[in-house]
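Dear colleague,

I am handing over the structure below, and I would be grateful if you could look through it before reading my notes.

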Amino acid sequence: MTVRTLKAVVTGRVQGVFYRVSVKEVAATLSIHGFAKNLMNGDVEVEATGQEEDLMAMVDYLKQGPVAAKVDTVVWEYSETKSVEGFLIL
């Protein structure tokens, strides 16, 4: 099993709709560590470290988000693997 880190930027109606909270909940179920934070332009940035198959499940979730969200795009890429514990909402 391969541990990797990915960075994603999610655009759409993703602030003020519990998007980051729901991402944290999904991360907990997938044993993913990292963070989700609001960006000044209305997007949400997510950095996630975990098993590659779990990260792909996270990307699938990022594309839909919680019920109140409307995701337009998710742009993601792998980055340098980080050693982190927990999942923060920044």
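Where does F18 lie? F18 is found in the loop between β1 and α1, where helices (H or I, at least four residues) and strands (E, at least two) are DSSP runs numbered from the N terminus. Please keep in mind that this is a predicted model, in which local features need pLDDT of at least 70, side-chain atom pairs count only at pLDDT 80 or more, and totals for chains, interfaces and linings use all residues. Residues are numbered from 1 along each chain as its sequence is written, and side-chain values use heavy atoms, with hydrogens and water left out.

F18 has a phi near 65 degrees, a positive value in a residue other than glycine, and F18 counts as exposed because its relative accessibility is 65% (exposed means over 50% relative accessible area, buried under 20%, partly exposed in between, with a 1.4 Å probe and protein chains only). S31, in the loop between α1 and β2 (33–38), also has a positive phi, near 55 degrees, and S31 is exposed at 53%.

T49, by contrast, belongs to strand β3 (residues 44–51) and is buried, because its relative accessibility is 6%. Leaving aside neighbours within four places in sequence, T49 is in contact (heavy atoms within 4.5 Å) with residues including T5, S31 and I32.

Finally, L62 is in contact, again apart from neighbours within four places in sequence, with A8, V10, Y19, V23, V46, V71 and V74.
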